[in-house]
Amino acid sequence: MIGVILAAGMGTRLRPLTDEIPKALLEINDITLLERMIKHCMNADIKKFIVICGYYKEKVIELCPKLAEKYDIEITTLANEKFEVTNTSVSTIIASEKIDEDFILVNGDNVVDGKIIEKIAKCPNTGMIIDNYKTLNEESFKLIIANKTLNEDETIASGEIEAIGKGLDIPSSSGEFIGVSKVVKEDIPKFNEILNKLIEEDPQNYYDFAYEELSKISKIDFVLTNGLQWTEIDDHIDWENANKLVKELEE
């Protein structure tokens with residue numbers, strides 16, 4: 001299994017913290033977000049990684065060999081040269097077109113409880129981590145799951161994605177996609193086909209939308225956080241929350 005970490009974005013809402021550094025190289029407790037995510041993946045028995053860089057890519061490219069040597073793992077860096085005018089669908093296809101095995105896909109600006117990575121790694125099918133506890137708001141990347149059923153221990157839901165995105169009706173939503181997912185080998189060709197269609201429609205599309213169509217032709221497991229904590233880091237409030245979360249989880 002391969003860990004794919006998206007770290008190409010500019011992080012404009014975090015300036016001046018990101019004036020000369022990509023978000024994934026911001027540090028909390030003297031550890032970059034990138035290294036922390038790699039360590040979580042290693043705890044889930046992942047030792048091969050692809051890191052997609054873009055903004056200040058040379059700093060990511062310089063760091064990755066050091067992390068590979070430090071942890072005795074394999075890290076390949078690939079660049080999204082059009083990171084200023086594209087979005088995560090383009091960054092994702094750069095990696096996924098080169099992969100022929102199960103892979104975990106994570107946003108490089110996330111801070112998560114490591115158990116979340118372990119849960120998605122154990123998922124037998126293509127899967128998405130869904131926060132079913134957090135209070136949703138207009139900025140939450142929500143989804144509505146049709147024909148939803150839960151497994152016996154209520155940790156995984158199944159069904160089809162009826163809709164996904166920020167603008168969905170909150171009471172109708174099933175939860176928030178947190179930017180951690182898995183694509184199994186047999187679903188990769190169709191996943192890539194859907195991604196390419198999204199990119200043709202709009203290179204600013206998020207890869208997240210690919211799962212809506214994929215859910216209608218392949219089984220997707222919606223792995224519930226059930227209270228496990230996480231945060232994305234888009235702005236300074238998120239950054240403060242991430243620092244508090246790391247302190248809580250690590251101390």
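This note goes through a predicted model of one protein, from its overall build to single residues.

1. **Overall build.** The protein has seven helices and 13 strands. Its radius of gyration is 17 Å, close to the 18 Å that the globule rule gives for 251 residues, so the protein is as compact as a globular protein of that length. The C-alpha trace spans about 45 × 40 × 35 Å along the principal axes.

2. Of the 251 residues, 55% are buried. Among contacts with a separation of 6 or more, 79% join residues 24 or more positions apart.

3. **Surface and charge.** The accessible surface comes to about 11600 Å². Carbon and sulfur atoms hold 47% of that surface. The side chains include 28 positive and 48 negative ones. The centres of these two sets lie 2 Å apart.

4. **Helix 3.** This helix covers residues 88-96. Nine of its nine residues are buried, so helix 3 is largely enclosed by the rest of the structure. The set runs Thr88, Ser89, Val90, Ser91, Thr92, Ile93, Ile94, Ala95 and Ser96. What do these buried residues pack against? The partners are strand 1, strand 4 (48-53), strand 5 (74-79), strand 6 and helix 5 (188-201).

5. **Ser181.** This residue sits in strand 11, which covers residues 175-183. Is Ser181 buried or exposed? Its relative accessible area is 0%, which is under the 20% cut-off, so Ser181 is buried. The Ser181 side chain has a polar partner: the side chain of Tyr211, at 2.7 Å. Beyond four places in sequence, Ser181 touches Phe103, Ile104, Leu105, Ile120, Gly127, Met128, Tyr207 and Tyr211.

6. **Val183.** Strand 11 also holds Val183. Val183 counts as buried, because its relative accessibility is 0%. Its contacts, leaving out residues up to four places away, are Glu101, Asp102, Phe103, Thr126, Ile188, Phe191 and Tyr211. Phe103 and Tyr211 are on the contact list of Ser181 and on that of Val183. Val183 and Ile120 are 63 residues apart along the chain, and their C-alpha atoms are separated by 10.0 Å.

7. **Asp109.** The loop between strand 6 (103-107) and strand 7 (110-112) carries Asp109. Why does Asp109 count as buried? Its relative accessible area is 13%, and the cut-off for burial is under 20%, so Asp109 falls in the buried class. Its side chain makes a polar contact of 2.7 Å with the side chain of Lys23. Outside its sequence neighbours within four places, Asp109 is in contact with Lys23, Leu33, Thr231, Glu232, Ile233 and Asp234.

8. **Ile170.** Here the setting is the loop between strand 10 (156-165) and strand 11. Ile170 has 30% relative accessibility, so it counts as partly exposed. Its contacts, apart from neighbours within four places, are Leu136, Asn137, Glu138 and Lys142. Ile170 and Ile233 are also 63 residues apart along the chain, with C-alpha atoms separated by 22 Å. For Val183 and Ile120 the corresponding value is 10.0 Å.

9. **A cis peptide bond.** Most residues other than glycine have a negative phi, and most peptide bonds are trans. The bond from Arg15 to Pro16 is cis, with omega near 10°. Pro16 lies in the loop between strand 1 (2-7) and strand 2 (27-28). A check of the backbone can start at this bond.

10. **Positive phi at Asn29.** Asn29 is not a glycine, yet its phi is positive, about 55°. The residue is in the loop between strand 2 and strand 3 (31-32). At 42% relative accessibility, Asn29 is classed as partly exposed.

11. **Positive phi at Asn147.** Asn147 is not a glycine either, and its phi is positive at about 55°. Where does Asn147 lie? It is in strand 9, residues 142-150. Its relative accessibility is 65%, and exposed means over 50%, so Asn147 counts as exposed.

Definitions and conventions:
Residues are numbered from 1 along each chain as its sequence is written. This is a predicted model: local features need pLDDT of at least 70, side-chain atom pairs count only at pLDDT 80 or more; totals for chains, interfaces and linings use all residues. Side-chain values use heavy atoms; hydrogens and water are left out. Helices (H or I, at least four residues) and strands (E, at least two) are DSSP runs, numbered from the N terminus. The radius of gyration is taken over C-alpha atoms; the globule rule is 2.2 Å times the number of residues to the power 0.38. Buried means under 20% relative accessible area, exposed over 50%, partly exposed in between (1.4 Å probe, protein chains only). Contact means heavy atoms within 4.5 Å. Accessible areas come from the Shrake-Rupley method with a 1.4 Å probe; for residues, only the protein chains shown count as cover. Lys and Arg count as positive and Asp and Glu as negative; His and the chain ends are not counted. The place of a charge is taken as NZ of Lys, CZ of Arg, CG of Asp or CD of Glu. A polar contact is a pair of N or O atoms within 3.5 Å; within protein, one must be able to donate a hydrogen and the other to accept it, and residues adjacent in sequence count only if both atoms are side-chain atoms.
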